[in-house]
Amino acid sequence: MRARHGLLAAFAGVLLVSAITWQVCSRDLARIGQRLRDGSEVVSTRHGRIEFAQWGSGPAVLVVHGAGGGYDQGHLLATVFGASGYRWISVSRFGYLRSDLPADASTVAQAEAFADLLDALGIDRVGILAMSGGVPPSLQFALAYPDRTAALVLLSSAPFTPMTAREQALPIPPWVYQALFRSDVVFWGIVKLAPARLDPFFDIDPQARARLSDDDLAFVTGLIDGFLPVTLRTRGLANEGAAIDPGTAYDLAAIQAPTLVVHARDDGINPVAIGGYLAKGIAGSDFVEEPDGGHLLLGHIPEIRARVAAFLHRHLPTPD
């Protein structure tokens, strides 16, 4: 009888803890969802709705986030790598958060949606700050709208045609990424209880984790926290392959905008060869090849921020 009562008590305890955890998780996810909705706007484009946030004043800079992101990740990128004195416009790419995933979700279509957004905001010309999966549609924008592209800053660029997914060296099999993005509760639990377990997904090795600076730690924490709710980003994540569609061309030689390419030699997600390919293909581009730092360029944030600020001020001068 005592054993039975002990088992019942343990079971009741598990149920109680599970109920409390579920309540806390649900409340936290609801709060995050409300914050995301309150922090953005939505406009209609020829390819459906596109979500964005804007802040600051001065010359306009469009921020294009990487895989798993949304306008909130773009806001983080601008905070970490950007500069003051600009009007920042951060978008959610197709399928992320409140942006639609149209039937034609190519990078060409995404560039057209960017143009429609800028038209709605009355902006003729922009600089672009893009990271990882945000780079391919940014290249398409520069190709389709050369007169509207003042400058390009391309960080840890993802592969695009004629490269293939084999150009990537993902630290974890793709199916693991997809499985993790199917449950807000599971991802929330890992973020709250053991965020370092997610390090391999972000190309952070244990040695790098041990020497994170304050800038690095803020970036990593913001990026990981910013993946919630993951289920609002699943459709966009599934569309990342649009950049390597054989039917889509990227004529780098035709890009006229001043371009800054930054990539780490030990990037474990998008190999540095992609950055080198961009720098070689875009005439006159500046190529910063960091010796280490991985996909997130950790350990080099202050110097990269300074380079980006100088580059933007050179090509998008701010008012004195």
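These questions and answers walk through a predicted model of one protein chain.

Q: How many helices and strands are there in the chain?
A: The model is predicted, and its helices and strands are numbered from the N terminus. The count for the chain is 11 helices and eight strands.

Q: What percentage of the residues of the chain count as buried?
A: A residue is buried when its relative accessible area is under 20%. The chain has 320 residues. The share that counts as buried is 52%.

Q: What percentage of the accessible surface belongs to carbon and sulfur atoms?
A: The accessible surface of the chain comes to about 14,300 Å². The part that belongs to carbon and sulfur atoms is 58%.

Q: Among contacts between residues at least 6 apart in sequence, what percentage join residues at least 24 apart?
A: Contact here means heavy atoms within 4.5 Å. Take the contacts in the chain between residues at least 6 apart in sequence. The share that join residues at least 24 apart is 77%.

Q: Which residues touch the most other members of the largest nonpolar core?
A: The largest nonpolar core has 54 residues. A second, separate core has 40 residues, including F114, I123, F160 and V261. In the largest core, the residues that touch the most other members are F81, W88, V153, L155, F202, F219 and L296.

Q: Which residues is L296 in contact with, leaving aside its neighbours within four places in sequence?
A: L296 is one of the residues that touch the most other members of the largest nonpolar core. Set aside its neighbours within four places in sequence. The contacts of L296 are then F81, M131, F202, I204, F219, V220 and L223.

Q: How many residues of helix α2 are buried?
A: Helix α2 runs over residues 71–81 and is mostly covered. Its buried residues include Y71, D72, L76 and F81. Of the 11 residues in α2, the number buried is nine.

Q: Are α3 and α4 roughly parallel or roughly perpendicular?
A: Helix α3 covers residues 107–121 and helix α4 covers residues 135–144. Their axes come within 8 Å and cross at roughly 65°. Angles of 65 to 115 degrees count as roughly perpendicular. So α3 and α4 are roughly perpendicular.

Q: Is the crossing of α3 and α4 left-handed or right-handed?
A: The two helices do meet: residues of α3, among them T107, F114 and L118, meet P136, P137, Q140 and F141 in α4. The crossing of α3 and α4 is right-handed.

Q: Which residues make the contact between α8 and α11?
A: The axes of α8 and α11 are 9 Å apart, and the helices pack at an angle of about 80°. They are therefore roughly perpendicular to each other. The contact is made by D215, D216 and F219 of α8 and I301, P302 and R305 of α11.

Q: What is omega of the cis peptide bond that joins L228 and P229?
A: P229 is in the loop between α8 (214–225) and α9 (234–238). A cis peptide bond joins L228 and P229. Its omega is about -10°.

Q: What is the phi of D203?
A: Most residues other than glycine have a negative phi. D203 lies in the loop between α6 (184–193) and α7 (206–210). Its relative accessible area is 18%, so D203 is buried. Its phi is positive, near 60°.

Q: Is L297 buried or exposed?
A: L297 sits in the loop between β8 (286–290) and α11 (301–315). Its phi is positive, about 60°, although L297 is not a glycine. The relative accessibility of L297 is 0%, so L297 counts as buried.

Q: What is the relative accessible area of R233?
A: R233 lies in the loop between α8 and α9. Leaving aside its neighbours within four places in sequence, its contacts include L36, D72, Y96 and F227. R233 is buried, with a relative accessible area of 0%.

Q: How far apart in space are I274 and S157, C-alpha to C-alpha?
A: I274 is in helix α10 (residues 272–281). S157 is one of its contacts, along with F160 and H263 among others. In sequence, I274 and S157 are 117 residues apart. In space, C-alpha to C-alpha, the distance is 6.5 Å.

How values were computed:
Residues are numbered from 1 along each chain as its sequence is written. This is a predicted model: local features need pLDDT of at least 70, side-chain atom pairs count only at pLDDT 80 or more; totals for chains, interfaces and linings use all residues. Side-chain values use heavy atoms; hydrogens and water are left out. A nonpolar core is a set of buried Ala, Val, Leu, Ile, Met, Phe, Trp, Tyr and Cys residues joined through side-chain atoms within 4.5 Å. Buried means under 20% relative accessible area, exposed over 50%, partly exposed in between (1.4 Å probe, protein chains only). Helices (H or I, at least four residues) and strands (E, at least two) are DSSP runs, numbered from the N terminus. Accessible areas come from the Shrake-Rupley method with a 1.4 Å probe; for residues, only the protein chains shown count as cover. Axes are lines fitted to C-alpha atoms, for helices over the stretch in contact, and angles run from 0 to 180 degrees between N-to-C directions. Angles under 35 degrees count as roughly parallel, over 145 as roughly antiparallel, 65 to 115 as roughly perpendicular and the rest as oblique. A crossing is left-handed if the near helix is turned anticlockwise from the far one by less than a right angle, and right-handed if clockwise.
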